[in-house]
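Here's a quick look at a ligand and the space around it. Have the model open as you read.

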Amino acid sequence: MCGIVGYTGASQAAPFLLDGLKTLEYRGYDSAGIEVLGGDGRLRGVKCAGRVSSLAERCAKADLRSTCGIAHTRWATHGAPNDRNAHPHLDCTGRVAIVHNGIIENFSELKDELVAAGHSFASDTDSEVIAHLIEDAMAGDAAGDILVALRLACARLEGSWAVVAMSADDPGRIACARKGSPLVLASTDGGAYAASDITALAGVTSRVIQLDNGQFASLDADGSVRVFTETGDEVSSPDFLDIDWDASAATLGGYPDFMAKEISEQPEAIERLLKGRLTDNGIELDELEISDEEIAAIDRIYVVACGTSYHVGLITRTLIESWAKIPVVVEPASEFNYEDVLVTDHTLCVIITQSGETADTLASARKMHEAGARVFAITNVLGSTAARESDGVLYIQAGPEVSVCSTKAYTAQMVAAVLLTLYLAHRNGSMATGEVSRRYRELTKLPDLIRTVLDRSWQDKAAAHEFEHAGSALFLGRGVNSTTAAEGALKLKEVSYLHAEAYPAGEMKHGPIALLEPGFPVVTIVPNDRVREKTISNIQEVIARGATCIAVATDGDEDVASLVERVLWIPPTPEYFVPIVAIVHLQMLARYVALARGCDVDKPRNLAKSVTVE
Ligand code: M6R
C-alpha cells in the first residue's frame, strides 16, 4: 500500500522520483505527489488525485529543479483519494514535508492535541500528524535536526509506518523511519536513495540497505547513508542485500500489459524453480534448515495466507495431508490472527505471500513465532519482511510480478508447495524415493503443458464473448478444482469488475442454482479425474436451467464438448497438478473479459499489489 521514494545527491531529484513512482505505482494509484527543496531554500511540490502519469504531466509544467526530494503514490486508507489528501504532507510552516506508508492508529488523539496547540491541518489523512509533530520537534528538542525530529515524532506514534521526511531547515538531508512497512536504502557515488521496495532502485544500485523495524536512517547529499537505532545509536553494520538485477524483468518488453507478460512467463518461472531440486536424496530444500527428526515430529501444520496465496494454501493442505500425512489447518491470515491456535514444540506454520509484505500474513507469522512454532515462508520477493522474519524461506523465483492481479506467482507458489510437500513426505517416511522422483518428473512436464494452454488463448478470447451481457458469473469445480474455481472467480472480479462467485460444484444445488437463467455464464472445471462423472452431472443441471456453460476439459473429452457452449481445452495432466494448468485458461479468460469491458488489467480500481495494512 503506497509507494514512497526519496533522493538526495548531486543529480536532479525529480526524474528519479517520477521514475521511482512509476515503478512503485502497483502499490497504490489513487493519487501521487512530489516535494523538492528549491534553490531558494523553500519546499515546492506538485500533487494530484489520479495516476503518476497525471502527476508527471503537471510536473513538466512546474519548476522542480532540485537535488533533494521525496515522492509518494497513494492507496487511500484515511481520507478520500483527492488532491488535498495526496502526499507529501507539510507542516504549518511549509518547511517540513513527509511521505508515509502505513497507518497511524492514534492519529485522532494526536490531531486533537496538535489542533488544540494551534496547528492547522490541510488534509483528512492520518499521516499529516507526522509533519506537525516534526514541526514541533524541529523548533524544540531536535534543534533543527530532521533525523532527531523524526525520531521524536515517531516516539509518539502507534501503528505502522515507513516515513521519509525532509526539512528546509536541514537542507540536503532526508530522514527515514521504519516500523512495519518496508523501506530500502541505497548509498551510491551519485547520491543516497530511499524506496518502498528494491524494484525502484534498479538501475542505481545492486546493493541495498534494509532498514529494520524500529530503525532510522539519515541520507546525505554526499551519497552516504547512516542507520540508527530507536535510541539514536549508530548501527555499525546495517543489513545489506545484494540484488541480482534483471532490470528488464520489470518492463513490458513488447507485451500490451504486465498481466499478459506475466501469464506468458509461467513456464520459465516453473522451470527456474524446479531446476536442480531432485537429487539422489530426494527433493533438495536445504534452505529450510530442518532435520529429518524434526520433520518426523511435526504434529500439525498451519498454512496462512491472503487472497490468491490463500488459494495456494487450500491446495497445499490437500497435498500435505494426502502425501505427507500431516494434519493441516489452512486459514486466511485476516481471520487467523483473531483465532486460538494449538501450538506444540512440533508445530509448523507455513506462510505463503508473493510480496512478503502482506500485513495480515506477517501478523500471523509473528503470532505463531510467539506461540513457539517454527515458521517457513513461501515468497517471491528477495529480502522481504516475510523472508527476513521466517525460520526458513523457499523463494519461488518468479521474477518481479508487477500486475496487481497475481498470475505467475500463483502457479509458482503452487509448485513450491508441491516441492515442500514432497520434501516433507519423503523425509518423514510417508513417500518412497521412487514415488518422489515420479512426482518430480511429472512436475517437470508442467512448463510444456502450460505452453500448450498459452497457445490456445484464442479459446479464451472467444469464450469472453459469453460474458458480454452478463452481470455475474459462477465458477464450479470439485476437489482441488473447487479451489481452481475460486481462483478463477477472483481473477475475473478483480480485473473485470464483473461479479463472480465460486462454489464446489456439488454444492450448487443447495442455493446458487437459483441464480441460473438463460445467458448466465457458468465456468466449470471438469478434467478427466476421479470426480469427472459427478461434475458432468452438475453441468447437466446448469444446462437444464438454460445457463451458458463454459467448461475447462481434458483434450478429447467429447462428452463434455457435446454438452457445453465453449470448451477451454487442457492437455492430459496428472490429477493433482490440473489446478496449475487449468488456471492459465481462467487467467487469460479474465483478462479478455476485462479488456472487452475497457478495464485497466494491471491496476484494477481500489486494489494495491501489496496490502501492508491489516
Ligand atoms: O503478496 P501476497 O501474496 O501476500 O498478496 C496476497 C493478496 O493480496 C493477493 O494475492 C491478491 O489477492 C491478488 N491481487 C490477487 O490477484
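A polar backbone atom of Val 404 sits 3.0 Å from a nitrogen atom of the ligand. On the oxygen side, a ligand oxygen atom is 2.8 Å from a polar backbone atom of Ser 406, and Lys 491 brings a polar side-chain atom to 2.8 Å from an oxygen atom of the ligand. Polar contacts here are pairs of N or O atoms within 3.5 Å. The protein buries 91% of the 410 Å² that the ligand exposes when taken alone (Shrake-Rupley method, 1.4 Å probe).

This is a predicted model, with local features needing pLDDT of at least 70 and side-chain atom pairs pLDDT 80 or more, while totals for chains, interfaces and linings use all residues. Residues are numbered from 1 along each chain as its sequence is written, and side-chain values use heavy atoms, leaving out hydrogens and water.

## The shell

The ligand takes up the second largest pocket, which holds about 540 Å³ of space. Among its 24 lining residues, Cys 306, Gly 307, Ala 608, Lys 609 and Val 611 are the closest to its centre. A pocket is an open set of points on a 1 Å grid where a 1.4 Å probe fits, with protein on both sides within 12 Å along at least five of seven lines; lining residues have an atom within 4 Å of a point.

Technical notes:
Grid points are joined across faces, edges and corners, and a volume is the space filled by probe spheres set on the points. A polar contact is a pair of N or O atoms within 3.5 Å; within protein, one must be able to donate a hydrogen and the other to accept it, and residues adjacent in sequence count only if both atoms are side-chain atoms. A molecule sits in a cavity or pocket if more than half of its atoms lie within 2 Å of its grid points.
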